[in-house]
Amino acid sequence: MLHEIDDLRQERQRVEARPSTEGTPPVLTVFDVVPAVDPQDYIRRVRTVLSAALDLAITESFEDDDLPTEGIPDWFAAASGATGSEIAEFSRRGMDHYHAAVNEKSWDLQWWLFEFDPDNEFRGWAWWDVTQSGDGRVRVWTDSWGESFFACDELRWLLYTAGADEVSGPFLADTPEWAQEITGQ
């Protein structure tokens with residue numbers, strides 16, 4: 001899927017605040033997450049990384065071999081092999097869960113960031129919202145253009161390394177299901 005700059009700007013806005021129900025696609029996809037950390041800290045981590053990645057998608061040309069990484073949180077850069085820093089315990093644990101669930105190697109930070117290139121046709125999702133249930137679970141909502149199967153391992157990597165014990169999905173869900181949930185801070 002190509003992501004136009006205007007679409008990326010809207011996606012960036014949705015990372016920061018819950019979108020209006022007006023204009024919501026009829027079907028969204030949802031990932032159910034069991035965070036091993038405080039859900040609010042978890043949500044903040046995910047949003048911070050996505051904000052930085054989408055800022056790059058909007059402002060950078062993606063013509064160089066390396067993208068700037070100044071806005072990427074240290075914990076995510078370390079988990080993605082970009083620094084010699086020690087990997088945070090929540091990320092290390094999440095990485096172990098990612099490897100067990102996906103059976104893939106760790107994502108290199110530059111490789112991960114290039115998934116946000118507007119001309120990249122492989123990122124099959126756009127951020128929609130994040131909600132939180134009373135039992136501490138987190139739900140990550142994406143727009144996958146109605147597809148139930150799409151490329152999303154870069155999102156799964158972020159969700160795990162931000163401190164998830166378990167990530168299940170994606171599952172198709174009707175918009176009213178999302179609209180009745182409480183957005184996570």
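**Note on the predicted model: cores, strands and helices**

1. Tyr42 touches Val33, Pro35, Val37, Val138, Leu159, Ala162, Gly163 and Ala164, with residues up to four places away in sequence left out of the count. Contact here means heavy atoms within 4.5 Å.

2. The model is a predicted one: local features need a pLDDT of at least 70 and side-chain atom pairs count only at pLDDT 80 or more, while totals for chains, interfaces and linings use all residues. Residues are numbered from 1 along each chain as its sequence is written, and side-chain values use heavy atoms, with hydrogens and water left out.

3. On confidence, the chain averages a pLDDT of 94, and 98% of the residues score at least 70; pLDDT is the predictor's confidence in each residue, from 0 to 100. Among the elements of the chain, H6 has the highest mean pLDDT (98) and H7 the lowest (93). Elements are DSSP runs numbered from the N terminus: helices are H or I runs of at least four residues, strands are E runs of at least two.

4. Tyr42 is also one of the residues with the most contacts inside the largest nonpolar core, together with Phe76, Trp112 and Leu159; this core has 47 residues. Helix H2 (residues 39–59) gives the most to it, 10 residues. A second, separate core of 6 residues includes Val30, Trp128, Ala173 and Trp178. A nonpolar core is a set of buried Ala, Val, Leu, Ile, Met, Phe, Trp, Tyr and Cys residues joined through side-chain atoms within 4.5 Å. Buried means under 20% relative accessible area, exposed means over 50%, and partly exposed lies in between (1.4 Å probe, protein chains only).

5. Strand S3 (residues 138–143) is mostly covered, with 6 of its 6 residues buried. Both of its faces are covered: Val138, Val140 and Thr142 are buried on one side, and Arg139, Trp141 and Asp143 on the other.

6. With S1 (residues 27–35) the sense is antiparallel over 5 bridges; Phe31 has Val140 as its bridge partner in S3, and Thr29 has Thr142. With S2 (residues 126–132) the sense is antiparallel over 6 bridges, and Asp129 is partnered by Trp141. S2 and S3 form a hairpin with 5 residues between them, and Gly136 in the turn has a positive phi of about 90 degrees.

7. S1 is also joined to S4 by 8 bridges, and these two strands run antiparallel. Val33, among the contacts of Tyr42, stands opposite Val167 in S4.

8. Helix H4 (residues 89–102) has 14 residues and reaches 20 Å from its first C-alpha to its last, close to the 20 Å expected at 1.5 Å a residue. The expected span is 1.5 Å times one less than the number of residues. The buried residues of H4 are Phe90, Ser91, Gly94, Met95, Tyr98 and Val102. Seen down the helix axis they fall within an arc of 135 degrees, so they line one face; the arc is that of the directions from the axis to the C-beta atoms. An α-helix has 3.6 residues a turn, so residues three or four places apart point the same way.

9. The buried residues of H4 pack against H2, helix H3 (74–79), helix H6 (153–161) and strand S4 (164–174). The face turned away from them carries the exposed residues Glu89, Asp96 and Ala100. Just after H4, Asn103 takes a positive phi of about 60 degrees.

10. H6 is mostly covered, with 8 of its 9 residues buried. Leu159, listed in point 4 for its contacts inside the largest core, is one of these buried residues, as are Arg156 and Trp157. H6 is followed by Gly163, whose phi is positive, near 125 degrees.

11. Phe62 sits in the loop between H2 and H3 and is buried, with a relative accessible area of 9%. Its contacts, not counting residues up to four places away in sequence, are Leu56, Ala57, Leu67, Leu113, Phe114, Phe116, Asp117 and Pro118. Phe62 and Phe114 are 52 residues apart along the chain, and their C-alpha atoms are separated by 7.3 Å.

12. Ala179 lies in helix H7 (residues 175–179) and is partly exposed, at 34% relative accessible area. Ala179 touches Arg18 and Thr21, again not counting residues up to four places away in sequence.

Note on methods:
Pairing = 2+ DSSP bridges.
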